[in-house]
Amino acid sequence: IRRNVLVTRVLEYLDQRQVIVVSGPAGLGKSAVVKNVIELLRGDLFCLAFRAEEFATSHIDQTLQQAQASVSAKQLLALLAAQGRKVILVESVERLLEHSVRDAFSDLLRLARQDQSIQIILTCRDYSLDTVLTSLLDPAALGNTVLEVPPLTDEEMAQVVQVIPGLKRAVENAGLRKLLRSPYLLDKAARMDWSETKTLP
């Protein structure tokens, strides 16, 4: 499911803001959307991707060392000075809230404030969005925009059924349709037997 509308929206937001937060409930495809964005950008821009837990350290240089980069953040930025834009993806940023030490993430935001060519894309589960904004992003005073990832549309579900016809019976059931608007749950459903001989759950 390509979800081109969401990918295009992230790209448009990157033209307007330095930090983009892609938010939504678990299983709705936040990671898939930002992965497609990075795939489109990395041909022309320098892109880095991290898990949020990698920033649960006392300094960003420690994060880079754990990622087996042999340079400090200052050296890395000097090497990339000629690049017009740098895009950094941090997956599941809400997990940083579980750690008492997250200075490396503050370092990243500080670097972005000093160098406006650094752009940051964050994924975040919806239930932690307000806390992430107030605890992590607001103190950094960086312009940010939130993109809410919605459940699958009727058109997107029809695309799936076209490729996996066995899902048609499940998707057409009113009781299951709302549940199956989650790509994660739809993927699980695609592995089940939905033939007429089976009773619908």
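Modeller: Buried means under 20% relative accessible area, exposed means over 50%, and partly exposed is in between (1.4 Å probe, protein chains only).

Colleague: OK. Are Phe55 and Phe105 buried or exposed?

Modeller: Phe55 and Phe105 are both buried. For Phe55 the relative accessibility is 1%, so Phe55 counts as buried. Keep in mind that this is a predicted model, where local features need pLDDT of at least 70, side-chain atom pairs count only at pLDDT 80 or more, and totals for chains, interfaces and linings use all residues. Residues are numbered from 1 along each chain as its sequence is written, and side-chain values use heavy atoms, without hydrogens and water.

Colleague: And Phe50, buried or exposed?

Modeller: Phe50 is buried, because its relative accessibility is 9%.

Colleague: How many aromatic pairs are there?

Modeller: Two (ring centres of Phe, Tyr or Trp, the six-membered ring for Trp, within 6.5 Å; planes under 30 degrees apart are stacked, over 60 edge-to-face, the rest tilted). One joins Phe50 and Phe55. Their centres are 5.1 Å apart, with 65° between the planes, and the pair is edge-to-face.

Colleague: Why is the pair of Phe55 and Phe105 edge-to-face?

Modeller: Because their planes sit at 80°. The ring centres are 5.9 Å apart. This pair links distant parts of the chain, 50 residues apart. Phe55 is in the loop between β2 and α3, while Phe105 is in helix α5. Helices (H or I, at least four residues) and strands (E, at least two) are DSSP runs, numbered from the N terminus.

Colleague: Which residues form the aromatic cluster?

Modeller: Phe50, Phe55 and Phe105 form one cluster.

Colleague: New topic. How many cavities of 30 Å³ or more?

Modeller: One (on a 1 Å grid over the protein atoms alone, points where a 1.4 Å probe fits but cannot get out; lining residues have an atom within 4 Å of a point). The largest cavity has a volume of about 160 Å³. It is lined by 17 residues, and Leu48, Ile60, Leu76, Ile88 and Leu108 are the closest to its centre.

Colleague: Which elements supply at least two residues of that lining?

Modeller: β2 (46–51), α3 (60–66), α4 (73–79), β3 (86–91) and α5 (103–114) each do.

Colleague: What volume has the largest pocket?

Modeller: About 290 Å³ (a pocket is an open set with protein on both sides within 12 Å along at least five of seven lines). Its lining has 13 residues. Ile1, Val160, Pro183, Leu186 and Asp187 lie nearest the centre of the pocket.

Notes:
Points joined across faces, edges and corners; volume = space filled by probe spheres on them.
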